[in-house]
Amino acid sequence: MMAWSNGEQTILGREQIRELKENFHKLQQQYRRRVAEGYEWETDWPAMMRGESMLREEYSDRLWNMGLHVESMLELMQAAVQLIDWDEIVLGPETNYYHRNLSRFRYLIDRCRERVDDDPRLEPLLANSTALDWFVEMEQQYAGCKNTGWIA
């Protein structure tokens, strides 16, 4: 038996999990190659990181559905962290701050919190993560700004 489902999650064997991981890395390499060769319509750095983040998020969802909650959470947090380059956060003319990937970063942090709601055992993992540290730092540092998180 290769896989089975209990209605809530899909259970895969060790070999199928390895294949899933290899497939993710192949997709990631293909995406990077397409960007390098100019096949993606928008190839600037923030757009490239959003594309890779989306691949990682999809992979995280597949891991979650297989019941690999810790691995899934780690991938989702990595998807969030790789989006933000602190040097790219700038203050606008009306003390607004923005970064092209900021709204996606917040979206992924919210997804991480939803996962903690679904599986409370993951709370220490999120609480001690770089992703949450960056989110808290960002919210504290820019709390007085108007229109927080505006995307340029």
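Trainee: What share of the contacts in the protein chain with a separation of 6 or more comes from residues 24 or more positions apart?

Mentor: They account for 66% of those contacts. Contact here means heavy atoms within 4.5 Å. This is a predicted model, where local features need pLDDT of at least 70, side-chain atom pairs count only at pLDDT 80 or more, and totals for chains, interfaces and linings use all residues. Residues are numbered from 1 along each chain as its sequence is written, and side-chain values use heavy atoms, with hydrogens and water left out.

Trainee: What makes up the fold, read along the sequence?

Mentor: The pattern is β-β-α-α-α-β-β-α-α-α. The chain has 6 helices and 4 strands. Helices (H or I, at least four residues) and strands (E, at least two) are DSSP runs, numbered from the N terminus.

Trainee: Why are helix 2 and helix 3 called roughly antiparallel?

Mentor: Helix 2 (residues 45–65) and helix 3 (residues 69–81) pack at an angle of about 165 degrees, with axes 8 Å apart. Axes are lines fitted to C-alpha atoms, for helices over the stretch in contact, and angles run from 0 to 180 degrees between N-to-C directions. Angles over 145 degrees count as roughly antiparallel (under 35 is roughly parallel, 65 to 115 roughly perpendicular, the rest oblique). Helix 2 and helix 3 are therefore roughly antiparallel.

Trainee: Which residues meet there?

Mentor: From helix 2, they include Arg 56, Tyr 59, Leu 63 and Trp 64. From helix 3, they include His 69, Glu 75, Leu 76 and Ala 79. By class, the contact has 5 nonpolar, 5 polar and 4 charged residues.

Trainee: What makes Phe 105 and Phe 135 a tilted pair?

Mentor: Rings of Phe, Tyr and Trp (its six-membered ring) pair if their centres lie within 6.5 Å. Here the centres are 6.4 Å apart. Planes under 30 degrees apart count as stacked, over 60 as edge-to-face and the rest as tilted. These planes are at 40 degrees, so the pair is tilted. The count comes to 1 aromatic pair. Phe 105 lies in helix 4 (residues 102–118) and Phe 135 in helix 6 (residues 130–141), 30 residues apart.

Trainee: Are those two residues buried or exposed?

Mentor: Both Phe 105 and Phe 135 are buried. Buried means under 20% relative accessible area, exposed over 50%, partly exposed in between (1.4 Å probe, protein chains only). Of the 152 residues, 42% count as buried.

Trainee: Why does Thr 130 count as partly exposed?

Mentor: Its relative accessibility is 42%, so Thr 130 falls in the partly exposed class. Thr 130 is found in helix 6.

How values were computed: Nonpolar A, V, L, I, M, F, W, Y, C, P; charged D, E, K, R; others polar.
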